[in-house]
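This report goes through one structure, from a single residue's contacts to the chain as a whole.

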Amino acid sequence: MSGWRYFLCPVEFNNDSNRFQVDCEPSELFQLQDYALPSVLESFTGWTDTCSLSPQTMVRLYLFQIHSIALSSFPSIMGPFGGFFASGFKIRDF
């Protein structure tokens, strides 16, 4: 959805054209940027960049995608362990 300015910019009414318009420059959160893939992830995933001369593999991501990956990885990794430990307690108050 970050490809459409309608979802990123405020909608304003233009009196001259008698229409609603969306004109703004999206913030850095919603612009594609190149990031170097860490060597640990590069060896784990097996991704290699054979087309460029740079020694590191580059990925194109939005900044908010990195934030959402960090937020979603914590519960997906820690959640199963929490459920396992909680099953050891026999609480009958529920």
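Strand β1 spans residues 12-14, and Asn 14 belongs to it. The model is a predicted one. A polar atom of the Asn 14 side chain lies 3.0 Å from the backbone nitrogen of Asp 16. The side chain of Asn 14 also makes a polar contact of 3.5 Å with the side chain of Ser 17. When residues up to four places away in sequence are not counted, Asn 14 touches Arg 19 and Gln 21.

**Aromatic pairs**

How many aromatic pairs does the count come to? It comes to three. One of them joins Phe 13 and Phe 20 in an edge-to-face arrangement, with 5.2 Å centre to centre and 70° between the planes. Phe 13 is partly exposed, at a relative accessible area of 42%, while Phe 20 is exposed, at 61%.

Phe 30 and Phe 64 form another aromatic pair, a tilted one, with centres 5.5 Å apart and planes at 45°. Phe 30 lies in the loop between β2 (19-21) and β3 (33-36), and Phe 64 lies in helix α2 (residues 63-86), so this pair ties together parts that are 34 residues apart in sequence. Together with Tyr 62, Phe 30 and Phe 64 make up one aromatic cluster.

**The disulfide**

One disulfide is found in a search of the whole structure. It is formed by Cys 9 and Cys 24, whose sulfur atoms are 1.7 Å apart. The pair qualifies because 1.7 Å is within the cut-off of 2.5 Å. The link of Cys 9 and Cys 24 is left-handed, with -75° about the S-S bond. Which parts does it tie together? Cys 9 lies in the segment before β1 and Cys 24 in the loop between β2 and β3, so the parts that are joined are 15 residues apart in sequence. Cys 9 is buried, at 6% relative accessibility; the class applies because buried means under 20% relative accessible area. Cys 24, with a relative accessible area of 24%, is partly exposed.

The accessibilities of the residues described in these pairs are set out below.

| Residue | Relative accessible area | Class |
|---|---|---|
| Cys 9 | 6% | buried |
| Phe 13 | 42% | partly exposed |
| Phe 20 | 61% | exposed |
| Cys 24 | 24% | partly exposed |

**The chain as a whole**

The secondary structure of the protein chain consists of two helices and four strands. Along the sequence, these elements follow the pattern β-β-β-α-β-α. The protein chain has 94 residues, of which 10% are buried. It exposes about 8,300 Å², and carbon and sulfur atoms supply 63% of that area. Of the contacts in the protein chain between residues at least 6 apart in sequence, 37% join residues at least 24 apart.

Definitions and conventions:
Residues numbered from 1 in each chain as written. Predicted model: local features only at pLDDT ≥ 70, side-chain atom pairs only at ≥ 80, totals over all residues. Heavy atoms only, no water. Polar contact = N/O pair within 3.5 Å; in protein donor to acceptor, adjacent residues only side chain to side chain. Contact = heavy atoms within 4.5 Å. Phe/Tyr/Trp six-rings, centres within 6.5 Å; stacked < 30°, edge-to-face > 60°. Buried < 20%, exposed > 50% of the residue type's maximum accessible area, 1.4 Å probe, protein only. Areas by Shrake-Rupley, 256 points an atom, 1.4 Å probe, with all protein chains shown as cover.
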